[in-house]
Amino acid sequence: MAESTIIAARRVDLPPERLVHMYRQMLRIRHFEEQVDLLFQAGRIWGTFHLYIGQEASAVGAIEVLEPDDYITSTHRGHGHSIAKGASIPLMMAELRGKETGYCRGRGGSMHIADVEAGNLGANGIVGGGIPIATGAALACKKLGNGRVVMCFFGDGALAQGAFHEAVNFAAVFKLPVVYVCENNQYAMSMPVARGLGSTDITVRAAAYGLPGVSVDGNDVLAVYEAAKEAVNRARRGEGPTIIETRTYRWRGHSKSDANRYRTKEEIEAWKQRCPIRRFGSFLEGLGILTPVDRDRMEREVEAEIQDAIAFADSQPDPDPAQLADGVYA
Amino acid sequence: MREITYAQAVREALAEEMRRDERVFLMGEDIGVYGGAFGVTLGLIDEFGPERVMDTPLSEAAIIGAAAGAAVLGMRPVAEVQFSDFLTIGSDQLVNQAAKMRYMFGGKARVPMVVRTPAGSGTGAAAQHSQSLETWFMHIPGLKVVAPATPYDAKGLLKSAIRDDNPVVVFEHKLLYKTKGQVPEEDYTVPIGKAAVRREGIDITVIATSIMVLRSLAAADRLAEEGISVEVIDLRSLRPLDAETIVKSVCKTGRAVVVHEANKFAGFGGEIVGTIVESEAFDYLDAPVVRVAGKDVPIPYNPHLERAAVPQEEDIVAACRSLMRQSPRWRALA
Ligand SMILES: Cc1ncc(C[n+]2csc(CCOP(=O)(O)OP(=O)(O)O)c2C)c(N)n1
Ligand SMILES: [Mg+2]
């Protein structure tokens with residue numbers, strides 16, 4: 001990886017503070033997810049959630065390109081996108097604990113974390129459900145002439161949904177300022193991409209809509225950044241959508257209940273060897289931007305941050321069932 | 001008789017029907033080695049192979065539509081939609097296509113397909129994974145809709161659905177999959193369109209389906225201690241609806257409570273109330289007919305809110321008590 005990362009690093013031309021910030025964002029996602037898993041095992045989070053562990057470079061590399069007032073739409077596997085977009089980790093934690101002060105007042109939970117004011121138009125429980133929404137948001141940006149762009153995340157599984165095809169074609173026709181980011185983590189639940197998709201080549205699909213398509217190493221945060229930068233610039237110039245594929249892997253089960261019957265331990269191990277965080281960390285060390293001591297310190301800081309968020313969430317009130325019916329209509 | 005779970009009962013029905021009729025096959029997301037999101041089809045791929053237990057792409061419209069298309073050619077597909085909420089994605093194929101083909105084509109087609117799907121709340125899966133959408137599909141001429149409450153019925157109704165020459169939607173409740181009940185080993189079916197009286201009583205008729213049957217029976221136990229005798233009808237099928245059993249019971253008790261998990265507004269409770277008041281049972285009513293139903297909100301995530309959003313045993317008890325207080329016979333006794 002070192003090779004491609006270095007090339008990308010030269011091209012992306014980011015100042016060291018930005019690179020360190022990106023590294024920290026990836027660490028924050030990793031530690032958040034690990035704690036979510038532990039909280040679930042301890043019975044303090046219920047329902048279901050989908051961990052982003054192993055895919056951190058995809059969200060961080062892509063979202064770092066955006067301005068704070070740009071938009072994203074996310075997926076059922078959305079914690080990483082949310083954190084990368086600048087969400088408050090305490091408020092996310094409060095939501096996962098179902099608290100009144102969480103992002104969705106405890107009504108939404110993991111699959112629906114949204115922060116519309118901050119440009120996160122929501123995680124989504126429906127695979128592909130966010131793709132038309134992102135397209136409509138891009139339509140609004142264009143009509144409003146506000147110069148903003150929308151970044152739309154979805155998994156490889158969503159490529160099989162009619163909503164994907166309709167929305168992408170729609171955006172292509174109207175040259176909307178949207179960047180479609182397909183996070184190909186090799187599986188849709190138990191379905192490997194090679195069996196669930198007639199063609200796994202995203203550039204071929206993009207071409208069919210008359211759009212540029214690019215496939216990048218999704219575990220290389222700078223490669224993702226570079227591809228996203230070009231796509232976002234293109235969208236802002238009014239030249240329309242791009243489809244990006246980030247090739248990555250989820251380390252954990254699909255959701256809380258998954259016996260991993262459809263893949264091998266060896267495969268999982270091989271991908272863990274390509275840990276996006278470790279790769280980027282050693283790359284930054286190589287450039288002299290971070291030392292091993294810095295990295296340890298950052299890990300401890302992030303751990304403390306997540307523990308504080310857990311404590312915050314603990315202290316928050318549950319919603320009042322008397323208010324159950326509030327908020328259905330504006 | 002041996003006891004098995006609701007999930008096992010569904011699995012047995014699928015396996016036995018595939019053994020009995022080679023035209024039967026399964027399609028759905030993650031139903032092969034993964035065994036389905038709730039483990040219902042676990043192991044079936046080992047016996048029947050990937051040709052008959054087909055893991056499909058993540059495409060509900062194609063799954064339901066392909067089932068309809070295969071059915072028209074005489075196959076007997078059983079499609080699994082991973083959560084009933086995703087029926088909305090395949091609704092065109094179900095509502096505009098499968099349901100109408102026979103009539104639209106002047107009786108020249110048959111669509112012997114089944115869509116099975118887990119429904120309902122109670123798992124913390126929130127607004128897009130917890131709905132009870134049976135009323136949507138009940139409303140469509142050409143579709144049959146069933147919602148079994150027991151392992152016995154889960155097996156028997158699914159077998160009937162597979163053997164039926166029309167599209168049948170089977171709503172299985174997630175919280176029922178692990179419940180156990182007696183299921184015979186020999187072949188049997190439960191007819192579509194026949195309700196079951198689960199408990200006899202004389203004061204109130206409670207009409208329910210699916211998990212609400214269990215809650216209604218528990219409520220009836222508690223009410224019995226207070227001297228209120230509740231008859232519990234498990235509809236089992238929503239379309240066709242067994243009006244006869246409902247009307248007969250209400251003529252006897254003079255009071256009716258309809259219980260469903262789906263939110264109240266335009267839920268199937270309205271249809272049941274209509275069935276009662278349009279019939280001779282109207283003359284026997286001692287009190288208004290009452291609906292105990294979900295609140296008119298999307299299902300929330302927080303467990304306390306989620307619980308409050310759908311009828312619980314205590315809500316059914318409270319509704320029955322209040323009904324008894326309102327009715328003249330009881331007032332006369334008091
Ligand atoms: C329309 C729809 N169908 C099925 C599901 C159930 N489901 C949730 S996630 C998932 C797999 C999604 O795969 P992919 O899009 O690749 O995302 P990943 O989970 O790999 O991040 C499935 C089948 C759903 N939520 N929505
Ligand atoms: Mg995937």
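This is a predicted model: local features need pLDDT of at least 70, side-chain atom pairs count only at pLDDT 80 or more; totals for chains, interfaces and linings use all residues.
1. Ala149(B) is buried, with a relative accessible area of 2%. In chain B, Ala149(B) sits in the loop that runs between strand 6 (144-146) and helix 7 (151-163).

2. What is Ala149(B) in contact with, leaving aside its neighbours within four places in sequence? The list consists of Tyr6(B), Leu176(B), Ser210(B), Val213(B), Leu214(B) and Asp234(B). A separate distance concerns Glu172(B): its C-alpha atom and that of Ala149(B) are separated by 8.1 Å, and the two residues are 23 residues apart along the chain.

3. Most residues other than glycine have a negative phi. Ser210(B) belongs to helix 8 of chain B, which covers residues 210-225. Is Ser210(B) buried or exposed? With a relative accessibility of 10%, Ser210(B) counts as buried.

4. Gly227(B) is found in the loop between helix 8 and strand 11 (230-234) of chain B. Its relative accessible area is 47%, and Gly227(B) is therefore partly exposed. Gly227(B) and Pro50(B) are 177 residues apart along the chain, and their C-alpha atoms are separated by 56 Å.

5. The next item in chain B is a peptide bond. The bond from Arg239(B) to Pro240(B) is cis, with omega near 0°. Most peptide bonds are trans. Pro240(B) lies in a loop of chain B, between strand 12 (237-239) and helix 9 (243-253).

6. Now chain B as a whole. How many helices and strands does chain B have? There are 13 helices and 14 strands. A compact globule of 334 residues would have a radius of gyration near 20 Å, and chain B agrees because its own value is 20 Å. Along the principal axes, the C-alpha atoms of chain B fill a box of roughly 65 × 45 × 40 Å.

7. Buried residues make up 60% of the 334 residues in chain B. For contacts in chain B between residues at least 6 apart in sequence, 82% join residues at least 24 apart. Chain B carries 37 positive and 44 negative side chains, with the centres of the two sets 3 Å apart.

8. Chain A has 13 helices and 7 strands. Its radius of gyration is 19 Å, close to the 20 Å that the globule rule gives for 330 residues, so chain A is as compact as a globular protein of that length. The box filled by the C-alpha atoms of chain A, taken along the principal axes, is roughly 50 × 50 × 40 Å.

9. Of the 330 residues in chain A, 58% are buried. Contacts in chain A with a separation of 6 or more come to 72% from residues 24 or more positions apart. Chain A exposes about 13100 Å², of which carbon and sulfur atoms supply 53%. There are 37 positive and 41 negative side chains in chain A, and the centres of these two sets lie 3 Å apart.

10. Which residues coordinate the magnesium ion (ligand 2)? They are Asp156(A) through OD, Asn185(A) through OD1 and Tyr187(A) through O, at 2.0 to 2.2 Å. The spacing of these donor residues in sequence is D-x28-N-x1-Y. Asn185(A) and Tyr187(A) are buried. The site may look incomplete, because water is not among the atoms.

11. The last point is Asn260(A). Although Asn260(A) is not a glycine, its phi is positive, at about 55°. Where in chain A does Asn260(A) lie? Asn260(A) is in the loop between strand 7 (242-247) and helix 11 (265-272). The relative accessible area of Asn260(A) is 22%, which makes this residue partly exposed.

Methods: Residues are numbered from 1 along each chain as its sequence is written. Chains are lettered from A and ligands numbered from 1 in the order in which they are written. Side-chain values use heavy atoms; hydrogens and water are left out. Helices (H or I, at least four residues) and strands (E, at least two) are DSSP runs, numbered from the N terminus. The radius of gyration is taken over C-alpha atoms; the globule rule is 2.2 Å times the number of residues to the power 0.38. Buried means under 20% relative accessible area, exposed over 50%, partly exposed in between (1.4 Å probe, protein chains only). Contact means heavy atoms within 4.5 Å. Accessible areas come from the Shrake-Rupley method with a 1.4 Å probe; for residues, only the protein chains shown count as cover. Lys and Arg count as positive and Asp and Glu as negative; His and the chain ends are not counted. The place of a charge is taken as NZ of Lys, CZ of Arg, CG of Asp or CD of Glu. Donors are N, O and S atoms within 2.8 Å of the metal (3.2 Å for Na, K and Ca); water is not among the atoms, so sites may look incomplete.
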